[in-house]
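Please keep the sequence and the coordinates in view while reading.

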Amino acid sequence: MWQGFPIRPEQASTIARGVDHLYYFLTAVDLFFTALIFLTIFYLAIKYRRRSAETKATQVEGNLPLEVIWTIIPLGICAVTFLWGSSLFIRNSRPPEAATEIFVVGKQWMWKLQHPEGPMEINELHVPVRRPIKLTMTSEDVIHNFYVPAFRVQKDVVPGMYTSIWFEATRTGRYHFFCNQYCGTNHAVMGGYVIVMSPDDYEQWLSGGIRGESMVSAGAKLYEQLACITCHGTGKGPPFVNLFSSQVKLTDGTTVTADEAYIRESILYPSAKIVAGYQPLMPTYKGQVTEEQILQLLAYIKSLSSGGAGQPGKPTSYPPSLEGGRQGAGNQTVGGQQSPATVPVPKGP
Amino acid sequence: MDFGLFGARRRDEERKGHYEMGTAVVEPGIESRVHYLNASYGIKSWLLTTDHKRIAMLYLASITFFFFIGGAAAVLMRLNLISPQGALLEPATYNKLFSMHGIIMVFFFLIPSIPAVLGNFLVPLMIGARDLAFPRLNLLSWYVFMVGGLFTLYAVIAGGVDTGWTFYTPLSTTYANTQVISAALGVFIAGFSSILTGLNFVVTIHKMRAPGLTWFRLPLFLWAIYATSIIQILGTPVLAITLTLVALERVFHVGVFDPAVGGDPILFQHLFWFYSHPAVYIMILPSMGVISELVTAFSKKRIFGYSFIAFSSVAIAVISFLVWGHHMFVAGQSIYAGIVFSVLSFLVAIPSAVKVFNWTATLYKGSVSYQAPMLYALGFIGLFTMGGLTGLFLATLAVDAHVHGTYFVVGHFHYIMVGGAVMGYLGGIHYWWPKISGRMYPDGWARLSAAIIFIGFNLTFFPQYMLGYLGMPRRYAVYAPEFQVLNVMSSAGASILGVGYLIPLVYMVWSMRYGPVAGPNPWGAKGLEWQTPSPPPTENFEETPKVTEEAYAYGTEETQVA
Amino acid sequence: MHSSAALAEQFDDLEQQHESSSFGMWVFLATEVMFFGGLFTAYIIYRNFYLSAFEAGSRLLDVKIGAANTAVLLCSSLTMALGVRAAQLGKKKLLITFLVLTLLLGLAFIGIKLGLEWRHDYLEGFAPGVNWTFHGPDSRHLELFFCFYFFLTGIHALHMVIGAGILTVLIIMAGRGRFSPQRYNPVEVSGLYWHFVDIVWIFLYPLLYLIGGRY
């Protein structure tokens with residue numbers, strides 16, 4: 001790169017170089033064919049220019065072999081590009097095992113980023129270098145998008161559902177993130193920085209400053225404060241131990257996976273899915289819990305599943321087949337809370 | 001006898017002289033001939049006309065008006081973006097400007113432009129008919145278009161809409177407090193104009209071709225218009241129902257797309273893009289049709305690969321309905337769906353590539369001249385190639401994951417829409433201007449404008465590809481300082497581009513009164529439209545022509561230049 | 001005077017005019033298929049998401065009234081077809097009779113739908129955004145069902161009203177003797193439109209009323 005006039009952002013994640021290589025390939029293809037066409041046009045237009053009113057054209061109807069060639073070659077280039085791009089995309093979409101999960105809530109016009117260990121950040125995200133980080137995101141209002149150019153990742157942040165991305169930063173530094181889905185008046189200022197630190201600095205950062213509660217312990221508190229325990233702890237409602245990522249049979253005979261979306265829906269719209277063998281008694285908590293609190297309850301419920309530290313589960317927007325495993329437990333997206341000694345012993349039912 | 005666009009009385013001495021090309025001689029007495037422009041006078045004869053040529057002129061005036069309104073919004077936007085903090089506008093205002101720019105340019109300029117102006121004028125002429133199948137419906141189309149335009153202008157005046165032309169929910173249904181309903185209503189109504197125009201063309205081309213004019217003798221412009229009409233007919237109703245749902249949701253506060261009540265905002269995106277992707281082919285296919293006409297006329301050659309271009313037009317129309325999900329690769333759509341849409345998006349690029357190669361090959365062994373229409377055509381081919389290829393970047397999942405929503409996308413579609421569609425439109429307007437107005441424009445000025453537009457265009461939009469890859473999101477009223485240099489370049493280019501567009505406005509209007517009078521076929525081109533006087537009489541042809549030769553049958557006989 | 005076939009200027013002969021007119025109506029109906037199709041697609045998707053709520057909503061609709069309306073529309077299609085036949089045969093009085101019957105049946109449909117069913121739903125508190133009083137479990141998804149019910153039947157009813165307007169114009173034209181065996185195409189294409197609106201109902205009725213899981 002030529003100093004002072006960059007053509008690409010910094011390569012600050014494990015996938016950045018791969019994306020850039022594909023981009024260079026496409027740029028080469030584009031420039032090649034553009035130049036080819038422009039130069040051919042120049043050449044032909046000059047060579048066959050009308051020198052006088054009497055200049056006659058020689059009629060050439062067409063040429064089947066040529067048509068075939070210039071259909072097959074572009075088709076071939078497209079095939080190569082498609083295969084390269086899709087395989088890279090699939091690989092880039094699968095968070096590695098043991099990715100630290102951080103929860104993101106976007107709203108007009110700010111970002112709230114919640115570390116599982118407790119600290120909550122506004123418009124800033126501190127992460128350790130060389131550790132895979134998974135962001136599980138939702139919106140409180142309109143569709144936003146969390147975009148980190150230096151990491152080459154982005155995803156829409158949609159109200160009513162969870163979407164996720166992952167990245168592993170390869171260099172320390174400050175990297176811009178932006179809201180990349182138009183969301184109203186202050187869309188252009190709804191961004192901040194991802195601050196990548198060395199592992200030691202990160203631990204220091206985590207333990208310094210205002211120490212909030214870990215998400216699991218906050219969720220455990222909510223479990224009691226909101227009286228969930230009165231049913232789910234007494235058998236009146238389905239128990240939460242080993243619930244997350246399990247298969248749940250409903251009263252209508254269908255079976256669903258207890259993932260993030262299912263649990264969120266059950267909190268807000270409990271009558272939508274009734275577990276077989278239980279009565280539709282649960283009141284809705286809509287309007288009584290914020291998105292952050294739902295995420296805390298989720299963290300708590302996850303912590304009650306086998307594996308001790310809980311399994312964050314796969315992003316709910318992807319079908320199971322592409323996650324390389326069956327839905328729910330045992331897939332590659334297993335990860336857990338990374339911070340030492342701050343996960344409380346779950347006060348389970 | 002009077003002539004001139006609005007029936008202005010002129011004296012013989014003012015007439016500037018005859019246009020000659022080669023050994024041609026202008027037919028005498030043109031001023032005493034009756035044609036569609038002077039056949040009747042007065043506002044009523046224009047506003048109640050059923051003559052497709054007059055309706056085309058009504059559209060020409062309207063879309064030119066909308067083009068400059070949308071362009072004014074763009075000028076303000078680019079001025080604002082000179083500075084990272086926003087040089088000119090509050091973010092709320094900027095947001096309204098980019099929304100209105102998109103809505104007006106897409107629905108009130110690009111989609112109608114070639115079909116409603118050149119299509120309306122030329123379809124009956126090119127097939128040897130007296131008018132379209134449904135002339136009164138044609139007039140109704142224009143009125144519907146104007147009503148839609150009025151609602152949209154009302155939206156602008158009453159405070160503007162700031163959802164973007166894409167109206168994503170729940171922003172547009174629940175959170176925006178701007179003129180969403182009137183803007184959506186304006187677009188909805190204009191959509192019917194598009195549907196009716198498409199319907200008219202399809203029926204006309206099927207049922208009213210002159211004797212001997214088989215499908216494979218049709219000029220490729222008509223194949224393009226036909227393919228476009230299929231998209232207009234089948235796609236626009238889905239947009240209509242989608243916007244209706246948005247409006248109903250806003251009015252009745254119900255939750256079709258609002259997740260707070262169980263609605264799905266992504267369903268809106270599917271429904272919206274199901275139309276809006278094919279819509280971009282409504283915007284480019286007619287322009288491609290024009291290019292086929294221009295390269296043949298200005299190389300004096302048959303088109304290379306006629307049936308390949310014809311079938312490519314239809315293939316593009318069909319495949320265009322299958323690729324909408326490529327706008328949603330990062331929207332929360334499944335990877336599986338992403339892969340399917342990616343494959344199909346690559347496929348839709350192939351017929352366009354085939355066309356580009358065939359046009360280029362048409363120059364081979366031709367007799368090439370460089371009047372303004374040809375300059376626009378050649379510019380189109382190059383710029384469309386570059387812009388179309390950037391589409392491949394966006395179809396590539398792993399790259400789109402980085403550049404989605406950035407200025408890369410903005411660069412891509414402006415290369416196609418402006419470097420492509422608008423240049424094709426201008427090329428067509430220049431080419432058929434003598435037929436439309438009976439006058440020639442000054443070619444020197446026209447070539448200069450084409451060059452200014454080409455330069456200004458590239459300076460405006462090429463930096464945007466770079467901004468996009470660097471990570472600058474689109475629809476940003478203010479931006480991070482590291483993006484400033486490229487933004488300033490882009491804004492500088494925009495000022496040049498603006499000048500380039502203003503010049504034709506001046507000389508075209510000038511030519512209507514002072515341009516040299518043109519004969520029936522100043523270019524010596526093939527095609528039925530050139531076998532009737534310029535401007536044509538209201539009924540187009542004295543007798544229905546009989547077609548005995550293929551399209552672009554250059555080289556079979558001395559082409560009479562008259 | 002007007003019963004002689006009026007050939008429009010742009011056409012070469014009556015056959016071309018007739019064919020163009022019919023073809024034009026078929027193309028227009030294709031656009032209507034896409035229009036309703038978008039709405040049907042959204043409905044089916046939501047029904048898939050919220051099956052129990054949509055089935056409950058379906059059960060709240062009155063199947064018998066819906067069936068009566070279906071019968072009314074089917075009869076109106078019959079009378080319309082008979083009207084087209086009468087026009088083909090040049091039988092003016094018969095044509096007018098059938099057109100009037102079709103119009104009356106169409107108005108009956110609109111009356112039943114709006115005056116009976118919609119009014120009932122409104123009074124019972126099942127009118128989203130206007131008068132929604134149901135607050136039981138899953139009420140939001142039930143409300144979504146009723147949104148679609150009102151949108152679908154409302155847009156259908158709008159098309160019926162437009163059809164009624166077209167029929168009125170036809171009746172007036174027939175009264176003035178504008179149709180003959182050589183020129184009855186307006187009746188024919190209006191018939192096509194009417195049949196289409198009927199077919200939309202044939203899809204609407206089962207999709208809204210009959211799949212409440214009660215069978």
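Of the 349 residues of chain A, 44% count as buried; a residue is buried if 20 or more other C-beta atoms lie within 10 Å of its own, exposed if 12 or fewer, and partly exposed in between, with C-beta atoms placed from the backbone. This is a predicted model, in which local features need pLDDT of at least 70 and side-chain atom pairs count only at pLDDT 80 or more, while totals for chains, interfaces and linings use all residues. Residues are numbered from 1 along each chain as its sequence is written, chains are lettered from A, and ligands are numbered from 1, in the order in which they are written.

Confidence is expressed as pLDDT, the predictor's confidence in each residue, from 0 to 100. Chain A has a mean pLDDT of 84, with 85% of its residues at 70 or more. For chain C the mean is 92, and 97% of its residues reach 70 or more. The complex receives from the predictor an ipTM of 0.92 and a pTM of 0.89. Over residues 308-349 of chain A, pLDDT stays under 50, and the model has 106 contacts beyond four places in sequence for this stretch; two residues are in contact if their C-beta atoms, placed from the backbone, lie within 7 Å.

Chain A contains 7 helices and 12 strands, where helices (H or I, at least four residues) and strands (E, at least two) are DSSP runs, numbered from the N terminus. Its division is into domain 1 (7-44 + 94-212) and domain 2 (215-323), with bounds that come from an automatic or database domain assignment. The C-alpha centres of domain 1 and domain 2 of chain A are 28 Å apart. Between these domains, 16 residues of domain 1 of chain A are in contact with 12 residues of domain 2 of chain A. On the domain 1 side, the elements that give two or more residues are β1 (100-107), β2 (110-114), β5 (132-139) and β8 (163-168) of chain A.

Helix α1 (residues 16-47) of chain A has 32 residues, which at 1.5 Å a residue should span 46 Å; its end C-alpha atoms are 45 Å apart, in agreement. The expected span is 1.5 Å times one less than the number of residues in the helix. Among the buried residues of α1(A) are Leu22(A), Asp30(A) and Phe33(A). The buried residues of α1(A) pack against α2 (64-93) of chain A together with α10, α11, α12 and α14 of chain B.

The contact between the two chains takes 75 residues from chain B and 77 residues from chain A. On the side of chain B that touches chain A, the largest share, 13 residues, comes from α10(B). By class, that side of chain B has 49 nonpolar, 21 polar and 5 charged residues; Ala, Val, Leu, Ile, Met, Phe, Trp, Tyr, Cys and Pro count as nonpolar, Asp, Glu, Lys and Arg as charged, and the others, Gly among them, as polar.

The largest nonpolar core has 338 residues, and those with the most contacts inside it are Val104(A), Leu222(B) and Ile381(B). Such a core is a set of buried Ala, Val, Leu, Ile, Met, Phe, Trp, Tyr and Cys residues joined through C-beta atoms within 7 Å. Helix α3 (residues 91-127) of chain B gives the most to this core, with 23 residues. Not counting residues up to four places away in sequence, Leu222(B) touches Val123(B), Met126(B), Ile127(B) and Ile205(B).

In chain C, confidence is highest in α3(C), at 96, and lowest in strand β2 (residues 131-132), at a mean of 88. What covers the buried residues of α3(C) includes α4 (92-123) and α6 (185-210) of chain C. Just after α3(C), Gly90(C) takes a positive phi of about 75°.

Some backbone features remain. Most residues other than glycine have a negative phi, and most peptide bonds are trans. Gln108(A) and Trp109(A) are joined by a cis peptide bond, with omega of about -5°, and Trp109(A) has its place in the loop between β1 and β2 of chain A. A positive phi, near 60°, is found at Arg475(B), a residue other than glycine. Arg475(B) lies in the loop between α14 and α15 of chain B and counts as buried because it has 22 C-beta neighbours inside 10 Å.
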